[in-house]
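Biologist: I would like to go through this structure with you. Let us take it one question at a time.

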Amino acid sequence: MIKFRLSCLIILFYQIAFAQTMVFGYLKGEGGKPLDQATISLGEDRAIQTKSDRVGYFQFRDVPAGSFLITVNKSGYDPVTFTFAVSSDELKKDLGEIKLEYNPSSLSVGVITLTDDDLSTDEGSTIGQTGIGLLQSSRDVFSRAAAFELGAYWFRVRGMDNRYNNIMFNGIPMAKSHTGRPDFGNWGGLNNVVRYPYELAENNALSDYSFSDPGGTTYYDTRASSYRKGLNLSYSFTNRTYQNRVMATYSTGMLPSGWAFTVSGSRRWMEEGVTDGTYNDSYAYFAAIEKKLSDRHRINLTAFGAPSRKTGSSPNTQEVYDLRGKNYNAYWGWQDGEKRSERVKRIFEPIFMLSHYWDISDKTKLTTTASYQFGYNKSSRLNRFEADNPSPIYYKNLPSYWLNSGNESEAEYLLNAWKSNDTSITQVNWDRLYNTNYNAPYYTDPYTGEVGKRASYFLVDDVIEDKTFNAATHLQTRFTDNWKFFFNVNYQNLASDNYREVNDLLGADFVVNKNYFLNGDGSDTSIDDYNIMRPGSVARKGDKTEYYYKLYKQEVTANATTRVNINRWDVAFSVLVGWNESYRDGQFKHGLYADNSYGKSGKENFLELGFKTGITYKINGRNFIALNTGYYESAPTLNEIFANPRLDNTVAPDLTNQKINASDISYILRAPSVKARATGYYTKIQDAVEISRYYSQGVGLDGTADAFISEVLTGVEKDYLGAEFGIDWKISPTLTLSGIAAVGQYTYADNPNLYILSDASPGLHDYGKAYIKDYKITGTPQKGYSLGLRYSSPKYWWVGVSGNFLQDIYSDISALSRTMNFILADVNDPDSVYSGVTEESVKKALKQKQYQDVFMLNANIGKTFRFGKYNIGVSASVNNVLNNRKLVTGSFEQGRYANYTQLAADQARENPLFGHKLYYDKGRTYFFNVYFRF
């Protein structure tokens, strides 16, 4: 008996000491309905999977102690992830009932992320446990409507430019060093690949994978095993940015051999869009191969790219729209019976990534990725040499110019041509360009002796060829059940070739490498040579012309984030340190900038520092208060460092880091039938740089020069102040009411310094203060509202409708017109005030243009069908059902007239010669989609 008892004790001790836990739970849908055949994956790599049974039950056996991630997927429901912890003394872990949100249109929404506490059915029991219990969604109650309803109308959340949106693939940032903005076209068409981000830290929230910008961080994990196993085929028909789209994605999941494969591909194309003369022909591909080397080591190779060829559309003055309608586009013309555009953008920048995943222990993981991106970004345009401007919307080609000049017969001729749509006048006249070149004067190449016709008109490509190496590592560890730590290091090295090359000679033999604007008589002087090391040279198809320079940048950033959960509090803190160095290397010695265009510039170095804090207080299981605040410095981009990089090495004066202060506070409600968020926010950006390039008249310090200029604003301050409210109310299990309101005030907060680089007078000229304080920041409506109603049937179909209202839409201002140059004929003489200048007259002339508010109605409908393991879905949506064409999606002052006398006279005309240029919304658009998945 004693031996028997001793044996039992030994067995019991062994079971306790070496026990592994069984984890189980139940999946429920609307009204507590059990959900079967849902896929539940365990672990970040989703290598272990199971299915729920008829009562919604699922389980995992032999789960060791530690912290784990579970992902739940079911067709027609929002995907759900949650984390939970297993302690060493638990034999069973009951996750309770996990409710999935019914959403048959879930193909277009984000992943819902739950913490451990959200799984508890006892609200009171969650207080004091690990995890704060706040439901976080990659498209929360406000952000979902803002993205899918208002976002269709160029609405930006909190007014933030996408320069402040951090997008990462496997830890690699996708922002371009030139602009600081991600190029979404690099993965355009890969919807199935980027549908569900691994992490989405919205707006000012802290991220585990980076020091998040004010626009937030979106992190994608492209491990082959992380994608849903099976085949997904879809076809879409639309009139938006393309007409047809086909997509196919196949994923094997983790195979018994330890390999996993995911491939995806798509094509998007249209012969012609809503806007005249536009087309799109774009492809995309993605491949991920993962190998499980051991229980603790995996590697993953990812490759993706999106070669595309598409055309642009022109901004026009209101006069042009009145003559030809809001679908008019000046960039195309007829050639041999086909529409040909002068503005064609061709992009192919493939990316290769190799990632290593190392589970150092149950508590610590290290992910390291190296990537290389290369390719080209080419944008074509017409150019000319000793020839008239070929653009049909050049001011001298419009009726208003000749009417204002007193030539009524020419004005009447052009008016009739525009109204009757004589495309030899209203569009690019390719035949005339070719005929001009056929009759062009002969020129002798001084280096080869070849005599040929030099082009009066020719097509060029502005080319950017980036070669970017990135390396990133991400360490995460769990000190205790309620204390986590994350550490990220990123390195980037960029070498960029930037040049203009000859695309098409339009029947001529070559291009002369001279700038006739600098020397209109074309005489043989060095000032007009693009490269005085080869004066008088020519360029043939594929040769470089006008400018050629290289940019180099290397950057290192590191940030650490820690998260601590204590009772009702969730506290996070993040710090940033970074360093970068940039320089320019000119390959042409420009005649106008002979002393500062060729060779390497000085190296510009910047040190970045920052900190952020996020605090969430859990009032109870349904009510939360969240505060995020931070300060950090951001180095200027390459386009902000070099004031006129195409021509010389000049660096923007007073250059320093941007200083960004961002704070927000939110009340969040997560009740069974109502979800809501109310937020107040304030962001201040200081010491920003803004550079604009255009042709202007009256810009000399004596007010007489006409020239191409680079306008440089330094020390710019911007304020972004506003409030957000969103609500999602389940009136019944099938009927949902949603609404959002975004009220913002985005303004310039100071009068920055303005400098001019002008071809009329080389060098940097100080124009003093630009008085732009309190003018509105543009690029988005400053206020937006949406109210929607959706019916979701238990039989897997839905229908929805929403009304959207946009307010406070402004035109971008010309800062040069807000300097003393505007009112003084000579900025060095305070008494040289232009005639007619008064305080009231100047205010009237410089009043910022505001466009009318607009209402937009959207509707959508869809249904999914299930045939065993097969799923078929169809959906359709219509934006702007009422075809409201009054929405201005972008507008700017031309800045052509830089002084009061010129601008006031132009504004007094019925049709100003240089009025605001703008874009209108495309009107009613539709999107139809059908998919097949198993």
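Biologist: How many residues does helix H5 have, and what is its reach from first C-alpha to last?

Modeller: Helices (H or I, at least four residues) and strands (E, at least two) are DSSP runs, numbered from the N terminus. H5 covers residues 408-419, which is 12 residues. The expected span is 1.5 Å times one less than the number of residues. That gives 16 Å for H5, and the helix comes close to it, with a reach of 16 Å.

Biologist: What kind of model is this, and how are residues numbered?

Modeller: This is a predicted model, where local features need pLDDT of at least 70, side-chain atom pairs count only at pLDDT 80 or more, and totals for chains, interfaces and linings use all residues. Side-chain values use heavy atoms, with hydrogens and water left out, and residues are numbered from 1 along each chain as its sequence is written.

Biologist: Which residues of H5 are buried?

Modeller: Buried means under 20% relative accessible area, exposed over 50%, and partly exposed in between (1.4 Å probe, protein chains only). On the other side of H5, Glu408, Ser409, Glu412 and Lys419 are exposed. The buried ones are Ala411, Leu414, Ala417 and Trp418.

Biologist: Why do the buried residues of H5 line one face of the helix?

Modeller: An α-helix has 3.6 residues a turn, so residues three or four places apart point the same way. The arc is taken from the directions from the helix axis to the C-beta atoms. Seen down the axis, the buried residues of H5 line one face because they fall within an arc of 130°.

Biologist: Which helices are among those that cover the buried residues of H5?

Modeller: Look for contact, meaning heavy atoms within 4.5 Å. The cover includes helix H3 (318-324), helix H4 (399-404) and helix H6 (423-426).

Biologist: Which elements do the buried residues of helix H7 pack against?

Modeller: H7 spans residues 430-438, and its buried residues are Trp430, Leu433, Tyr434 and Asn437. They cover an arc of only 95° around the axis, which puts them on the same side of H7. They pack against strand S20 (332-335), S21, strand S25 (376-384), strand S27 (451-453), S28 and S29.

Biologist: How many salt bridges does a search of the whole structure find?

Modeller: Side chains of opposite charge can pair when their charged atoms come close. A salt bridge needs a side-chain nitrogen of Lys or Arg within 4 Å of a carboxyl oxygen of Asp or Glu. The search finds 38.

Biologist: How many residues apart are Asp504 and Arg340?

Modeller: Their side chains meet in a salt bridge, 2.8 Å from N to O. Asp504 is in strand S29 (residues 483-504) and Arg340 in strand S21 (residues 338-341). The pair links distant parts of the chain, and the separation is 164 residues.

Biologist: Which residues are linked with Arg677 in a network of salt bridges?

Modeller: Arg677 forms a salt bridge with Glu724, with the closest N and O atoms 3.0 Å apart. Arg677 lies in strand S38 (residues 674-697) and Glu724 in strand S39 (residues 706-730), so the pair ties together parts 47 residues apart in sequence. Both Arg677 and Glu724 are buried. The network links Arg677 with Asp140, Arg158, Asp664 and Glu724.

Biologist: How far apart in space are Phe169 and Thr222?

Modeller: Phe169 is in strand S10 (residues 166-169). At 1% relative accessibility, Phe169 counts as buried. Phe169 touches residues including Trp187, Tyr220 and Thr222. Phe169 and Thr222 are 53 residues apart in sequence, but their C-alpha to C-alpha distance is 7.2 Å.
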